[in-house]
Amino acid sequence: MVRVTQISAARPRRRPRIHWLFLLFLSIIIYTQAFHRAPCKKIAVKYQFQFSECYAPNINQDLYLSEASFVMAHDAATGYLVTKNKKNKGDSYSSNAISDSVEYGDESWELQDDAAAENWEEDHDDAMNYHDYQGSTWDTFSTNLLAVYGKTQVGSVYQQLNDGARALDLRPRIYNNGTVGFHHGSLINIPLTTITLAGLLEDAKQWCNDNPKELVIIFHHELTHEAGYNALSSEVYTEIDDFYVTGDDGVVYDEDENDSQDNDDDQTSYSYFYSGIAKLKGVYREQGVPYYPCEKLSGITVGEAMQLADLSKLGGKGYLLAVDRHDMYGSFCGKANWISDELVTCHSKNDDREGNSQRYQMCTDRKNTGKLSALRDYVLQSSNNDATDDADELGPPADEYYYPFNQIQGFWQVDSTSVKIGVKHAASTLLDDNRRSNVNAEMVQLAYNQQFKKINLFSMDNVALNGNAMFSVLRNGCGQSVIKDDDEYFTCGKNLVMPHMNVSQWLPIFWNIILIVVYSSLFIMVSVMLIQAFGLREHGLQDHRLECNGVLI
């Protein structure tokens with residue numbers, strides 16, 4: 001195992017003196033054996049890392065994949081709702097959008113009256129398909145409203161990976177024209193037409209090319225089709241393309257090349273796949289990104305997973321792979337820990353309805369910490385409860401072959417009631433709820449203080465806010481990196497300083513607009529008064545006395 005070092009910590013601890021040549025040697029090692037986040041110019045970004053200059057040691061490849069810790073960007077494709085179709089300078093890269101895509105501004109609206117709110121709730125409780133309520137002005141308005149409300153990430157996946165994510169939660173949707181896009185799995189079935197799967201993969205590959213020693217895993221959830229269930233239930237007979245197979249010598253070969261070497265007839269293997277999975281396979285093969293069923297990643301180490309994810313064998317650079325169960329819905333490969341009866345939402349109706357003037361409980365209410373405490377209990381149970389494969393119970397999986405991953409959902413959940421209250425009464429969005437409740441900072445503190453028995457996939461909204469802090473805490477956990485636990489000079493876990501986290505006090509967009517209008521009005525009023533004053537000054541002194549019967553008063 002390779003030893004790496006830090007150049008200097010944000011709050012360096014006293015260490016024994018070592019010869020400066022040895023320090024120089026160790027400094028060279030960290031540049032070759034560690035991840036470096038670039039750019040690393042902003043103080044707010046630098047202080048999220050526990051090592052100086054945005055460095056983090058490489059992941060320990062000897063860990064089993066189920067024991068390694070990753071930050072997962074929840075509903076990662078929603079970051080493209082405000083991404084422009086052009087390259088941005090700095091961290092973010094954009095991708096090709098569908099030609100008739102709709103770009104939504106980062107705005108929120110307030111429902112105008114109770115009747116409209118009730119109609120909206122009734123129309124969307126059943127998670128109707130997009131085309132079922134498309135057409136009228138109100139339907140288009142409500143669709144755009146929900147699309148903006150349900151946005152959980154900021155920026156492209158390139159930006160999200162640069163903000164600490166190493167796993168991407170995607171909800172693919174196949175359109176009738178053959179395009180593979182995405183939908184809002186956490187809210188309702190609203191199409192996300194601002195980005196395609198192929199365009200998103202280009203961004204992910206670009207980041208892997210720029211950071212070739214980091215492993216990135218794409219997880220599918222809830223595959224849908226514009227035509228509905230029947231379009232997914234059919235099966236097609238197509239080529240088996242598991243990308244790589246391991247030979248007797250332990251070397252990983254491309255399966256097609258291996259077949260051509262072993263068979264004189266160069267026969268290609270075929271099998272039945274659900275039509276949706278076959279469509280996804282086609283996209284991934286065209287993009288040169290490995291795409292596997294869950295069992296391929298069961299019981300293997302991080303190093304073995306990196307062999308499977310090696311893009312250099314397909315003409316790329318870095319480590320990237322996608323995985324799902326290859327069933328009809330492209331289901332998640334791990335235990336989701338999503339219990340409908342125990343969900344913790346940001347907004348809910350007050351249980352005490354008698355004699356209490358406050359009708360609603362909101363996670364953004366700093367005087368009421370009950371919401372954050374409930375979410376804290378929820379995530380801790382997802383890790384610390386006894387192992388169980390019961391989907392209706394929180395806790396890690398007992399069968400790690402069937403569930404190679406365990407997800408901890410460290411974000412506010414969504415139901416119809418929380419959406420209605422959030423939009424109508426709080427004039428908020430999921431991103432606003434995340435910022436104002438400081439939930440990400442709370443989750444980082446729990447991880448740093450080692451409140452979890454084990455973290456595998458820690459799913460977060462808005463990784464742009466303290467995502468790198470969570471990444472740094474997870475990567476620097478004892479045993480997670482190439483730094484040895486018993487290293488004489490270097491420490492891990494709580495022996496490192498806690499990252500400096502950004503605490504957002506942003507107001508909801510609706511109130512920001514109100515403040516802009518108020519301050520703009522004041523500015524205009526003052527400007528008009530000054531103009532009038534200067535105008536009077538130019539005309540000189542004026543005699544405003546009254547004349548009565550020829551006498552000036």
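Predicted model: local features only at pLDDT ≥ 70, side-chain atom pairs only at ≥ 80, totals over all residues.
Colleague: Why are helices α11 and α14 called oblique to each other?

Modeller: The axes of α11 (residues 370-384) and α14 (residues 439-448) cross at roughly 45°. Angles under 35 degrees count as roughly parallel and 65 to 115 as roughly perpendicular; α11 and α14 are therefore oblique. Their axes come within 11 Å, and the crossing is right-handed.

Colleague: Which residues of α11 and α14 meet?

Modeller: Leu372, Leu375, Arg376 and Val379 in α11 meet Val439, Glu442, Met443 and Leu446 in α14. Six residues of this contact are nonpolar, two are charged and none is polar.

Colleague: What makes strand β19 largely enclosed by the rest of the structure?

Modeller: Buried means under 20% relative accessible area. Five of the five residues of β19 (residues 405-409) are buried, so this strand is largely enclosed.

Colleague: How do you know that both faces of β19 are covered?

Modeller: In a regular strand the side chains alternate between the two faces of the sheet. Phe405, Gln407 and Gln409 lie on one side of β19, with Asn406 and Ile408 on the other, and all are buried.

Colleague: What makes β16 and β20 pairing partners of β19?

Modeller: Pairing requires at least two bridges between two strands. Strand β16 (residues 334-335) has two bridges with β19, in the parallel sense, and Gly334 stands opposite Phe405. Strand β20 (residues 457-460) is joined to β19 by three bridges and also runs parallel to β19; here Gln409 stands opposite Ser459.

Methods. Residues numbered from 1 in each chain as written. Heavy atoms only, no water. Axes fitted to C-alpha atoms, helices over the stretch in contact; angles between N-to-C directions. Helix = DSSP H or I, 4+ residues; strand = E, 2+ residues; numbered from the N terminus. Parallel < 35°, antiparallel > 145°, perpendicular 65-115°, else oblique. Left-handed = near helix turned anticlockwise from the far one by under 90°. Contact = heavy atoms within 4.5 Å. Nonpolar A, V, L, I, M, F, W, Y, C, P; charged D, E, K, R; others polar. Buried < 20%, exposed > 50% of the residue type's maximum accessible area, 1.4 Å probe, protein only.
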